[in-house]
Structure formats: structure tokens, C-alpha cells
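Student: I have a model open on my screen and would like to learn how to read it. Could you walk me through it?

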Amino acid sequence: MTVLQKKSDNPIEHLTPEDIELIGKELDEIRQGVMDSRGESDARYIRKVIDVHRKIELGSRAVLLASGFPPAWIAGTIGLSIAKILENMEIGHNILHGQWDWMRDPKIHSTTWEWDMASPAEQWKHSHNELHHTYTNVIGKDNDLGYGIMRVDEDQPWIPMYLGQPLWSFINACFFEYGIAAYDLELGAVIAKKQTGDPEFRRRAKQVLVKIGRQVRKDYLIHPLLSGPNFVATLAANFTANIVRNLWSNSVILCGHFPEGVETFEKKSIDGETRGEWYLRQMLGSANISGSKAMHILTGNLSHQIEHHLFPDLPSNRYAEIAPKIRDLFDRYGLNYHTAPLPQQVGSAWHKIIRLSLPNGWLQNTTARNLPSQVAKLWKMTTGAPKVRRALIREQAAMAAAA
Amino acid sequence: MTATVPRPTAAKPALRVLRDRVLRVAELVTTPLLPADYLDLIDPLRSGAALRGRIEAVLPETRDAATVVIRPGADWQPHRPGQYVRIGIDVDGVRMWRAYSITSDLGRTDGCFTVTVKAIPGGKVSNHLVRSTRPGTIVQLDQATGDFCLPEQRPDKALFVTAGSGITPVMGILRNHPELTDVVLVHSAPTPDDVVFGAELRQLAADGRIRLVEQHTDTAGMLDAAALAALVPDLAERATWACGPVGMLEALEEHWAAAGIADRLYTERFRPKVLVTGEGGTVTFTKNGTSLEADGATPILDAAEEAGVLMPSGCRMGICYGCVLPLREGAVRDLRTGEVTTAAPGDGVLVQTCISAAAGACDIDH
């Protein structure tokens, strides 16, 4: 992948500026249609999801009091995982987007909600709603692209450190909520710039630590203690549920912007961007997941990532209804509506993580037959003198380009 | 029955302290939610919960008015007759708050109270309550409030002047104060059938408890203050309570003031009197980060709620001060008086958002 502007087969070359503004207009109308029809059934939907979540969580926590009994451990852990997934995805993420603010219910409002997550809602809203949703897939602006620790684009120079990318991506996936918290704090940048003494950073870091403290105390101390003799089993169940939830949300988020074929953009391309152009960037920079209704709910309807990115503040239960209209719009303007089942999208995203962890072209050039020689070259690229490394990197890229 | 009902303590202090402690410990278990979030699943009307009520019945009164029977939560404190209650109800999924006078008898044994609502044309909440609300609906409540009540020292002679739904607080008073012996009620409604509580009022008149004068405005036109004086010759001797449209109240206030008996007149308004409107401007909520364009006729409260900002609110007519927020910079206009309030950068002038409109750009600390 390379930023859209540098591609030889630019997928939006056929669109005139007028086309792009017309797309914007159509999208505005679709949005207005949903805004005008928001009402009681939508309110009932989110309250129902919240109600179901609370009951599943209560039930699972109750069952886990007997977690020493293996069937109880299994049932409780599955229930708690589902509850945590619902809470983070369909409930927390979407409420914090302000999708339900229109109900004017102070208990279900983006300014009052707090979620079962290491990152405090306040900080996440800034990094997610303001930065990621505004600068979606703009290299150097959208930190969601690789969370600042990954090589996400061919144009980023390869260095040997990136070989570890699949491993640390997996570790990040397992402890995703802490990764998000660190990322919302911009911890990496703050440490790199030696700004850890900054009072504002300290204030926010303290918020995060307090939040993590509460979360950890609940899952790894209080609930295990309540289980009495089953302390360890409950602790293990809660740990498992958190890992399951983390892996799930990480997968869903990878699917949203990371599968092969999703476009990225240059920083300067968004200077003076019109509303139509912003919409177009969201359309090309997002990917959907196809599947059942249950799957859509468990992904927080981020399976409709394209619709979500076009209209982040529309109630999530309405994305499915507008998806056919959006797809029709893509078709009419000759754009690629990127959608595939979950395993395929997850596979595609991980393929890209692995491919980019290697020098450009290496994976493409490697076959079963030349594997030994390619591995030897990779070794030299990793350990050789700078001159040797540069030559080999160029060679791989040239080989891939020739093929 | 006396007007000052002693306010019972909702729970014994010691018990309440203990309960609060237990809930604080329980927060360790429920974080990031509160124990109340789970307890609400079981009993939304329990003691200690946010004050709510359950609608038990909606009883039609006239073609466009109905009495809503509400079972309040355990922490509800009995009202004084004539007071109103603020009710928050979800209409088309949107939480809306309105104030309604309480009409029920304090002696009810079922623990419920009633409000009587007249559907006004275009009124979202009133139409919803009268026509669409189903029993079982949970509504949000505030404690009853308001001063449209009889004084401790009962007047020997009383006059009530009401129009339309203005009868509701007066009905609350008449039902609860049988000790009033010399009462005149002058009530205006378009037709005899439009008189809310028509049958009950006529029965009270037949029993000799009140003298009832009905003015049917479709045929007889509006009643002015002079006609009222002719109808009630001993008007100056009576303590008078009036509730109805703004125009009527103003006419009465003028008449009473001219007669030098303004202190004998108590009025109750349902809506603020909008006197002037200004030029509007950009309203910025500094903490929330929302900016919106508000015109000079719309209260900042309404404009902000329309834009999805969660605002403190109260009576929505400029009396309870439940909506007050600091104006950090800019100018707002009081819609009732036209008075402009300005704040220099950094100031924290407290303004009532429910009756203030933007008079230029303003920053509000919220």
C-alpha cells in the first residue's frame, strides 16, 4: 500500500470536483434522513442493550462466585467476556461518540459516561473523536494508523526493528486497553520529547492511573475476594474475559482501517479539504465487516465502519439501514466499497502487519524454493553494514516491481 | 388539613448514613458504574434513587385534557396544595421537562398524586401526556415546589380567577381546603365542555361551597378586568389568586395595582412573558466545547438542548434559578425585560439560561 496520491492507479482519478461535491450532498441528505427520524424506537434500542449488558454482567459475576466449579468458570467467563465486549463496543464507544446525546438523558450521555476500560472516557474522546475521526488515515496525523509503534506504509523506511512488529502487535492486541490508554496519553511522544515533567501530562497520567487502579482492583481483587475460596479461579476468569475483550476489540479496529486495499492519505492532501473531500476520504479509508446481526452488535456496529466514519454521531443501530444506500453511492461513482467477512478482514490486516514488518517486496519475492536464500538476505539486511543493507533493500523492491 | 404539611424525613439519618457507606463500598464492585445503575434495574422508585414516578393511569377530563396519576418514588415529599411539580418524560426518545400543577387530594390513600394536563396546540409534552402516554411509563420528577398556596392565616373571603388549564392549581387548593367558606371562582374556557373539572366544579357550586362563574369565551368573549369587577362587587375585600394566560394576568395586575390592592393578588404563570428579542449570536460552552448559533428570541437553554448539550434546567420560566450558569464573556438579553447583561473576559456573571437569549457572542462556563 502507498498513500493514495502517489498511486499509479489512483482510484479517484475519474472523479471531478463536482462529482465529489455531489457525493457530499447525497451523504448529507442520507444523514439528515436519519436525524429526522431518530425517535422512541432508537431510544428503546440503546436502553435495551444497556439493560441486557447489565443483566449479563450481573449474572456472569454471580456465576463466577462459584468459579471453582469448572462449568461455572466456563459459563461465567463466556458471559463476562460478552458483557465486556457489549459494554466497550455497542455501548461505550457509541455513547462516547455522542450518538445518544439527542435523548437528553443525563445517564446516557457522552459528557457523563464512563466505561469499563483502562483509558478514562475524557481522554479517549479527545484522541479518538477529535484526532482519529478528523484525520482518518492521514499518515502522520492519524495516530490510529499503527498507534505510533508500527510500520503501516511502504513509504515508511524499513528498519530491522520492524521485524518484531507481528509480535508486539499481538502483545498490544492482548493488552489493548492499556495500549489505548498509553496512546491517549501520547505516552510515546511525551517520553521521546522528555516532557514527562509537564504538569498537564502529569495530571492526565494520574487520571489514567486512578482509572486503571479502580479497574484492576475490581477485576483482580474485589471480585476474587467475594468468591472466597475461588479467589484464584475468579481472578483467572476476569483476566481471561479482559483478554478476550481486548483481542476482539483490537480485531474489529484492525478490520476498520487496516485490511489490504484501504487507502491512506498524504498530510498535505487534506489542506483546504472540502466537506465532499472529507467524506470521500472516509469512504476510501474504511472497511466493513459482513456478517450476522449478532456480529454487528458485538462489533458495536463498527462492522459498518464506512457508515460510522461518514456519520460518527448517528445512532449505531441505524447504520445497517443506510448501508445499502451508501453502497449504491459507491457503485454509481465507481468506488470500491470494501467489505468482507470477519476472518478474511482480520487475516488481511495481519497479512499487512507481517508484510510491512519485512522490507518492501520481501514477502512477495519469497517462495518455498528461494526461502533459504531470502532468509539469508534478510539476515544480512538486519545485521549487515549500512551500505550492504541499503543495496539489498533496493534489490528486493526492484525484484518485486519487476514481477 | 393545613397548608403546611410537615416534611417527613425520607429515611432515618443514621440509616441513611449507613446506606450511603454501604453504597460507597459497593462502588468498588461496580466501577465504572454505580450501584444505583444496577439497583435501578430492580426498583427505580426505591428510596435513595433519583426521584422518579410511575404513571398509573391517564384519565380523560375533556376533549384535550387528562389527569395523569403518578406513583412517586419513596423519597417524594408531600406537596402543598397549589404547588407544581416538574416532570421529565421521554417524548419520541427525547427527555423533556415541564411543570404541571398538582391537582390531587392530599388525603389519597394509594400514595399517588395527580397532575392535570391540557394539550396545547403544537405542545410536544402536553399532547404526549394527554394522548399517547401509557400506564407503566417511568417519568423523572423533582420535588413539588411553588408559592401559589394559601397562607397559614386563611382568608375569610377568596377569589380565584382562572382560564383554561389555569384551573389546575386552584382545583388542587379547592380539593384540599374545604375550610374555605366564602369562595368565588371565575373561570374562562371556550365552551362548557372545555371546562376542566366542569362536573366537579358545578357540583361544588350546587353544594354551596363555592360561587362559580363560568365565562364561555367562544360565545361570550374574553372577560376583562372591568367586567370581572362588575361580576364580583366585593373584589377588593377578597384575597385573589389568578392563574391563566399572560395577557389575562397582566390585565388583572394592572387593575389591582390601580385599585391600590396589588398585595391582595397572587398570580401563577406557566410561561415567561417574552417582552423583547435581540440580535442573537454565537454561544460557546467553554467546558463542553460546543458552539452554536442562537437567535435573539430563543432562550440559551432551548438552543443548547437542541444542540445536544446537557443543561441544568428548572422551571423554564425564570423563577427557580435551577438553570443558572456563569457567563464568562459576552452579552445576554433577559427575554422578559429586555435588560442586557454583559460580562468582561473572565467574569462569572450568573445568568438564567431559560429566560436569557444571546445578545451577541457569549461564552458560558459549562
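Tutor: Gladly, and let's begin inside chain A: the buried residues of helix 6 of chain A pack against helix 4 (121–134), helix 5 (165–174), helix 7 (187–192), helix 8 (199–226) and helix 9 (231–257). This is a predicted model, where local features need pLDDT of at least 70, side-chain atom pairs count only at pLDDT 80 or more, and totals for chains, interfaces and linings use all residues. Residues are numbered from 1 along each chain as its sequence is written, while chains are lettered from A and ligands numbered from 1 in the order in which they are written.

Student: Which residues of helix 6 of chain A are buried?

Tutor: A residue is buried if 20 or more other C-beta atoms, placed from the backbone, lie within 10 Å of its own. Helices are DSSP runs of H or I with at least four residues, strands are E runs of at least two, and both are numbered from the N terminus. In helix 6 of chain A, the buried ones are A:F176, A:E177, A:G179, A:I180, A:A181, A:A182, A:Y183 and A:D184. That is 8 of the 9 residues in 176–184, so helix 6 of chain A is largely enclosed by the rest of the structure. Just after helix 6, A:E186 has a positive phi of about 55°.

Student: How many helices and strands does chain A have?

Tutor: Chain A has 17 helices and 2 strands, and 41% of its 403 residues count as buried. The C-alpha trace of chain A spans about 65 × 50 × 45 Å along its principal axes.

Student: How many residues of chain B are in contact with chain A?

Tutor: Two residues are in contact if their C-beta atoms, placed from the backbone, lie within 7 Å. Here 16 residues of chain B are in contact with 25 residues of chain A. On the chain B side, helix 1 (13–30), helix 2 (35–42) and strand 4 (94–101) each supply at least two residues. Helix 2 of chain B gives the most, with 3 residues.

Student: And which domains does chain B have?

Tutor: Domain bounds come from an automatic or database domain assignment. For chain B, that assignment gives domain 1 (13–141), domain 2 (157–268) and domain 3 (281–364). The C-alpha centres of domain 1 and domain 2 of chain B lie 30 Å apart, and 13 residues of domain 1 are in contact with 14 residues of domain 2. Strand 1 (52–62) and strand 5 (113–118) of chain B each supply at least two residues of the domain 1 side.

Technical notes:
A residue is buried if 20 or more other C-beta atoms lie within 10 Å of its own, exposed if 12 or fewer, and partly exposed in between; C-beta atoms are placed from the backbone.
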